[in-house]
Amino acid sequence: MEGEEGSSATPNVNKRIFKRICVFCGSRAGYKSTFGDAALELGKLLVKRKINLVYGGGSVGLMGLISQTVFNGGCHVLGVIPKALLPHEISGETIGEVKEVADMHQRKAEMAKHADAFIAIPGGYGTMEELLEVITWSQLGIHDKPVGLLNVDGYYNSLLALFDKGVEEGFIEDSARHIVIIANTADELIKKMEEHEPVHDKVAPGQSWEVNQLLESNVGSPKI
């Protein structure tokens, strides 16, 4: 479950090139040191590959670790944060470019607009909600950007089991189950994402969505 999902039998010669990756992660560090280690590892890998970071704008928890790592490494950091969360998620100086937005809907839309791909590492409700939103948008056909899940120490095993239950009970198409690209290390995950080609049936073609308007709106995204 943890490291095999989303792999391809034949390598894709047309690898994707990422200039900016949006990382969803916690504003807390969690109890295990491995969570922080994973954030640092991912941040260093982004720097090594000269990939800029888009994230939720916080300077604490895993958000602070990855953003500081990428910024110190010389890559651009764009943080998108609702004004109401500034006192809660930013401690001390801001990191990189910070864009204040009105609400959570606009935050997610802005992050999606500026990113070529998405990666979720351990986090709480907000991280999971952001992950599920971009999975849903992929299923709907709103975007075809890779969605990666860094499953540190099996943190997301229960969520992945829930996805499997959704397939078993007929609520999630088997092909849509593979929207999420899963790995246990940052290096393995980005390699998989570079080679990923969507195989799921989209609810509607991208041309039928007013994508730019959707991603720039603060009204929020469609739910299914």
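Tutor: Start with a definition: helix axes here are lines fitted to C-alpha atoms over the stretch in contact, and angles run from 0 to 180 degrees between N-to-C directions. Keep in mind that this is a predicted model.

Student: OK, at what angle do α4 and α5 pack?

Tutor: Helix α4 (residues 104–114) packs on helix α5 (residues 125–140) at about 60 degrees, and their axes are 11 Å apart. That angle makes α4 oblique to α5.

Student: Which residues of α4 and α5 meet?

Tutor: From α4 there are R107, K108, A109, M111 and A112, and they meet E129, E130, E133 and W137 of α5. Sorted by class, the contact between α4 and α5 has five charged residues, four nonpolar and no polar ones.

Student: And what is the handedness of the crossing of α4 and α5?

Tutor: The crossing of α4 past α5 is right-handed.

Student: Switching to the sheet. What is the strand order?

Tutor: The order is β4-β3-β2-β1-β5-β6-β7, seven strands in an open sheet with parallel pairing. The edges are β4 (97–101) and β7 (180–183); each has a single partner strand, so one side of each is left without a neighbour in the sheet. From one strand to the next, the twist averages 25 degrees.

Student: How many bridges join β2 to β3?

Tutor: Three bridges join β2 to strand β3 (residues 77–82), and the two run parallel.

Student: I clicked on I119. Where is I119, and is I119 buried or exposed?

Tutor: I119 is in strand β5 (residues 117–120). I119 counts as buried because its relative accessibility is 0%, and the cut-off for buried is under 20%.

Student: What does I119 touch, leaving aside its neighbours within four places in sequence?

Tutor: The contacts of I119, with those neighbours left aside, include I21, V23, F24, L42, G148 and M193. As for L149, it is 30 residues from I119 along the chain, and their C-alpha atoms are separated by 5.6 Å.

Student: Where are K50 and D153?

Tutor: K50 is in the loop between α1 (33–48) and β2 (52–55), and is exposed, with a relative accessible area of 67%. D153 is in the loop between β6 (147–150) and α6 (157–168). With a relative accessible area of 49%, D153 is partly exposed.

Technical notes. Residues numbered from 1 in each chain as written. Predicted model: local features only at pLDDT ≥ 70, side-chain atom pairs only at ≥ 80, totals over all residues. Heavy atoms only, no water. Helix = DSSP H or I, 4+ residues; strand = E, 2+ residues; numbered from the N terminus. Parallel < 35°, antiparallel > 145°, perpendicular 65-115°, else oblique. Left-handed = near helix turned anticlockwise from the far one by under 90°. Contact = heavy atoms within 4.5 Å. Nonpolar A, V, L, I, M, F, W, Y, C, P; charged D, E, K, R; others polar. Buried < 20%, exposed > 50% of the residue type's maximum accessible area, 1.4 Å probe, protein only. Pairing = 2+ DSSP bridges.
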